[in-house]
Amino acid sequence: MGEKRNDLINTCEFFGVSPIMMDLPYPPIQVKERNQAYANLLSMDYCGSVSEMSAITQYINNENRMSSERCPLAKTILGIAMAEMIHLQKLGELIFLLGGNIDFIARPRNGAPKMWTPEYLTIPGNIGKMLMADIEAEKAAINQYRMHIKMINDGGINAVLARIIKDEEYHIMMLQTLMKELS
């Protein structure tokens, strides 16, 4: 009764944040034929330990922890997360066309299927370490996409993966710039 409240309010406004990605169109989402092996490879990009699902979740977690103190930085991180959501959607379309399941289960070639888990995330305590973890995750994603391009003999799929790589490289450049601004 009559208690004085001292509410905390986050004043970081995210209206108008757009995906941060290369200003290039995506190739058409098409496959030569149904191929479960290719769908399984893409399931790892979709929701494996190195995946778009992991990237989205890690970026959103980082953005949430940054937003009250570093609004411009948080907005950039959210924009990158939005681009990763587009990648997830493109991969889901490809998996569907290939005849695979879109169920958050990664199906590695030499291993048991595993459902996506937040155990895949790196959640460091300070902003500099968050950005470094994000850079490392982007590099791992690029390496995995390049490996999958070598394993997939379908020009339509590989064109989409190559386009996603361009965004991931752009994200690394953006994150490195943010790191320099922190110094």
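Residues are called buried under 20% relative accessible area, exposed over 50%, and partly exposed in between (1.4 Å probe, protein chains only). At 40% relative accessibility, I102 therefore counts as partly exposed. The structure is a predicted model, in which local features need pLDDT of at least 70 and side-chain atom pairs count only at pLDDT 80 or more, while totals for chains, interfaces and linings use all residues. Residues are numbered from 1 along each chain as its sequence is written, and side-chain values use heavy atoms, with hydrogens and water left out.

I102 sits in the loop between α3 (71-97) and β1 (105-106). Helices (H or I, at least four residues) and strands (E, at least two) are DSSP runs, numbered from the N terminus. Together with F96 and L97, I102 forms a nonpolar surface patch with about 280 Å² of accessible area. Such patches are made of residues with over 30% relative accessible area and no salt bridge; like charges are joined within 9 Å, and nonpolar side chains (Val, Leu, Ile, Met, Phe, Trp, Tyr) within 5 Å. A salt bridge is a side-chain nitrogen of Lys or Arg within 4 Å of a carboxyl oxygen of Asp or Glu. Accessible areas come from the Shrake-Rupley method with a 1.4 Å probe; for residues, only the protein chains shown count as cover.

Helix α1 covers residues 36-47 and includes Y38. Y38 has a relative accessible area of 15%, so this residue is buried. Beyond its neighbours within four places in sequence, Y38 is in contact (heavy atoms within 4.5 Å) with L98, M151, I152, N153, D154 and I157. The C-alpha atoms of Y38 and I157 are 9.1 Å apart, although 119 residues separate the two in sequence. A polar atom of the Y38 side chain lies 2.9 Å from the backbone nitrogen of N153. S43 also belongs to α1. This serine is buried, at 2% relative accessible area. Its contacts, leaving aside neighbours within four places in sequence, are G48, I95, I105, A106 and R107.

S51 caps the N-terminal end of α2, with a side-chain oxygen 3.5 Å from the backbone nitrogen of M53. Buried residues of α2 include M53, I56, Y59 and M66. The buried residues of this helix pack against α1, α3, α4 (127-151) and α5 (155-182). N61 lies in α2 and is partly exposed, at 27% relative accessibility.

Notes
A polar contact is a pair of N or O atoms within 3.5 Å; within protein, one must be able to donate a hydrogen and the other to accept it, and residues adjacent in sequence count only if both atoms are side-chain atoms.
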